[in-house]
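Here is a short tour of one protein model. Keep the sequence beside you and follow along.

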Amino acid sequence: MSEAQDASAWVPARPTLPRLAEAVQACRGCELWEDATQAVLSSGGPGARVMLVGVQPGDQEDRRGEPFVGPAGGVLTTALEAAGIEVGEAYLTNAVKHFRFRPRGRRRIHEAPELRHLVACHPWLEAELGVVDPDVVVCLGASAGRAVLGRRVRIGAERGKVLEGPGGRATVITTHPSAVLRLRARGGYDEALAELVADLRVAASVGS
Ligand code: SF4
C-alpha cells in the first residue's frame with residue numbers, strides 16, 4: 001500500500017465541527033500522529049467572525065487537546081482583548097493538527113513543521129474554513145500564511161493589511177504570539193505586542 005500524501009481521505013464528506021474533531025483523531029495523512037498524544041483541531045464555534053490560524057499545537061496543547069492553552073496562547077488572549085476581539089467571536093486553529101517535536105531527555109522540544117506537513121494537513125483547514133465561514137482569517141506567522149494563502153509570505157512587508165485570500169476571503173497576516181513571547185527575555189516585548197494588537201485591530205475592522 002502506498003503512503004498517504006495528505007489528509008483528504010480522513011476528512012468527512014459533510015463536515016461539521018464535531019465531526020471534524022472526531023475524524024481528525026484517526027488521520028494518518030502524514031507521520032506526525034505517531035509521536036503526538038492526540039490531534040488538536042480547534043476551539044470556537046461555527047459562527048465566529050474571526051478565524052485565527054497558528055502553526056501547530058505545542059507541548060501543553062498536545063497534552064490537553066486544545067489550541068493556544070500554553071504561554072503563547074496567553075499572549076494571544078491578551079492581544080485579542082486589547083484589539084477588542086471577544087474570545088467568543090474567534091475561532092482558533094492551527095495549520096498542522098499534530099505536535100511535531102524531538103525528545104531531549106524528558107522534555108519535548110518543539111520542531112517547526114515542514115512544507116510537506118502543511119500541505120498534508122491542509123484538507124482539515126479547508127474543511128474548517130467551509131464550516132466556520134469567517135469574515136476574516138488571521139494568519140499567525142509565516143507558516144500559517146503559507147498554509148492559508150498557498151504561497152510564501154513576508155511578515156515584515158505584508159503584515160497588518162487586508163489581503164485577498166482564497167475565494168476572495170479577507171486575510172490578515174501578523175506575527176505568531178510565540179515570537180512576541182520570546183522577546184520577554186530579550187527586550188522589545190511591549191513593542192512587539194503592540195504591533196500584534198494593531199494587526200488584530202485591522203482584522204477586527206473587517207465586516208464591522
Ligand atoms: S498532522 Fe495533519 S495530516 Fe498529519 S496526521 Fe496529523 S492531522 Fe493528519
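Two residues count as in contact if their C-beta atoms, placed from the backbone, lie within 7 Å. Helices (H or I, at least four residues) and strands (E, at least two) are DSSP runs, numbered from the N terminus. This is a predicted model: local features need pLDDT of at least 70, side-chain atom pairs count only at pLDDT 80 or more, and totals for chains, interfaces and linings use all residues. Residue numbers start from 1 along each chain as its sequence is written.

Start with helix 7 and helix 8. Pro-177, Val-180, Leu-183 and Arg-184 in helix 7 meet Tyr-189, Ala-192, Leu-193 and Leu-196 in helix 8. By class, this contact has seven nonpolar residues, no polar ones and one charged. Nonpolar here covers Ala, Val, Leu, Ile, Met, Phe, Trp, Tyr, Cys and Pro; Asp, Glu, Lys and Arg are charged; the others, Gly among them, are polar.

Now the geometry. Two packed helices are described by the angle between their axes and the distance between the axes. Axes are lines fitted to C-alpha atoms, for helices over the stretch in contact, and angles run from 0 to 180 degrees between N-to-C directions. The axes of helix 7 (residues 177-186) and helix 8 come within 8 Å and cross at roughly 160 degrees. Helix 7 is therefore roughly antiparallel to helix 8. Angles under 35 degrees count as roughly parallel, over 145 as roughly antiparallel, 65 to 115 as roughly perpendicular and the rest as oblique.

Helix 8 (residues 189-205) also packs with helix 3 (residues 71-82): their axes come within 8 Å and cross at roughly 55 degrees. Helix 3 and helix 8 are therefore oblique to each other. Ala-79, Leu-80 and Ala-82 of helix 3 make the contact with Leu-193, Leu-196, Val-197 and Leu-200 of helix 8. Here the count is seven nonpolar, no polar and no charged residues.

Six strands form an open sheet in the order 1-3-2-6-8-7, with mixed pairing. Strands pair if DSSP finds at least two bridges between them. Strand 1 (42-43) and strand 7 (162-164) stand at the edges with a single partner strand each, so one side of each lacks a neighbour in the sheet. Strand 2 (residues 50-54) and strand 6 (residues 136-140) run parallel, joined by four bridges. Leu-52 has Val-138 in strand 6 as its bridge partner.
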